[in-house]
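This report describes a protein chain for a reader who has not seen it before. Please look at the sequence and the structure first.

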Amino acid sequence: MKDIVVIGAGKIGSTIARMLAHSGDYRVCVADRSAEQLQQVEKHDAVSTAVVDIADRKALVTLLSGKFAVLSAAPFHLTVAIAEAAAEAEIHYLDLTEDVESTRQVKAIAAEARTAFIPQCGLAPGFISIVANDLSRHFDTLESVRMRVGALPQYPSNALNYNLTWSTDGVINEYIEPCEAIVEGSLIEVPAMEEREEFSLDGVTYEAFNTSGGLGTLCETLKGKVRTLNYKTIRYPGHAAIFKALLNDLGLRHRREVLKDILENALPTTTQDVVVIFVTVSGFREGRLVQETYANKVYSGVVAGRMQSGIQITTAGSICAVLDMLAEGKIPTKGFVRQEDIALDTFLANRFGHYYAQKHETERAAS
């Protein structure tokens, strides 16, 4: 059994701990600065808890020393401190951050590290990058790569058509920070919540708009190889207009803590959600312009004996799958590892990655 530390005892962190503990191959210590939050972590023989303040570097390094890996499910602004402690303790590091600047700093830390540093191991960035890169390999030359992801309530019942399903800090950050994109072959930044579009999937109409961080490292990987590359978050129609009013007209983009407090007290959480994944790649193959699409929906369900939301299953399942592949030596064990370095088939064959696999396997069987 390998010893793992999970930083953050929230929805995703506790789900990661549960998945790993129930696999029988990992001992997990869940760390958080809140003793009250840690009391919510499921009791299991393979799970322990520790009250640790990330700002206390010495205590964090002591906790990490001798472990196989640390998995960060903490807010994005704590990413760099955890990565630095992992480097000092000489253990593997994985995170779920969507924050672009944090990932750049993790890459710099990885350059001198003796272990693997694998950021952005969630759904988007994360699995979405693995899918997009896999599709891109099917073409002689690329034209466009369009990535769309959303975690939505199955039964929307408010004006925003939205329920809180994961980190409120993360949602606010991706709605405000600049977004990377490749336009006409050039790597640029575009504003969040702009370039809204509508599309239908399985008879349901959605909107999608620019959000920050979802491309992960794909901009660097595909720069000079594709004319158009972008990432947008999927919501039900009407969501973007209301949120832009909150951010811009009411000035809440400058008062993030106020916005967070409003959202967490006005929008209920739900486990009855659906994760929509929609990736379209076009390019030339044997002289012809062709297009391939990956479309999938992942619903809430029972995992390790407990009902989990779709976003918990996909996010926790993704980072657990990457950890598993790291432990098995199927991905690099030293330096900076990009999500697109991971083969889609290897990911889906993994016991944790298999939560994504049903739709993909059906399409493969039909082709």
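The model is predicted, so local features need pLDDT of at least 70 and side-chain atom pairs count only at pLDDT 80 or more, while totals for chains, interfaces and linings use all residues. Residues are numbered from 1 along each chain as its sequence is written, and side-chain values use heavy atoms, with hydrogens and water left out.

**Annotated spans**

| Span | Distance between end C-alpha atoms | Helix | Strand |
|---|---|---|---|
| residues 4-111 | 23 Å | 44% helix | 22% strand |
| residues 122-345 | 17 Å | 29% helix | 34% strand |

**Domains and their interface**

The domain assignment, which is automatic or taken from a database, gives domain 1 as 1-118 + 312-353 and domain 2 as 125-298. Their C-alpha centres lie 24 Å apart. In contact terms (heavy atoms within 4.5 Å), 20 residues of domain 1 meet 25 residues of domain 2.

Buried area is the accessible area (1.4 Å probe) that two parts lose on being put together, summed over both. Domain 1 and domain 2 bury about 2,000 Å² between them, and 60% of this is on carbon and sulfur atoms. Glu 98, Glu 340 and Leu 344 supply 34% of the area that domain 1 buries against domain 2, more than any other three residues.

The interface of domain 1 and domain 2 also has 2 salt bridges, counted when a side-chain nitrogen of Lys or Arg is within 4 Å of a carboxyl oxygen of Asp or Glu. Elsewhere in the list of pairs, Arg 104 and Glu 180 form a salt bridge, with their closest N and O atoms 3.0 Å apart.

**Helix H9**

Helix H9 spans residues 239-249, and its buried residues (under 20% relative accessible area, 1.4 Å probe, protein chains only) are His 239, Ala 240, Phe 243 and Leu 247. Seen down the axis of H9, these residues fall within an arc of 80 degrees, so they line one face of the helix; the arc is taken from the directions from the helix axis to the C-beta atoms. Their cover includes helix H7 (168-176), strand E11 (204-210), strand E12 (228-235) and helix H10 (256-266).

The face of H9 turned away from the buried side carries Ala 241 and Asp 249, both exposed (over 50%). After H9 comes Gly 251, with a positive phi near 70 degrees.

How values were computed. Helices (H or I, at least four residues) and strands (E, at least two) are DSSP runs, numbered from the N terminus.
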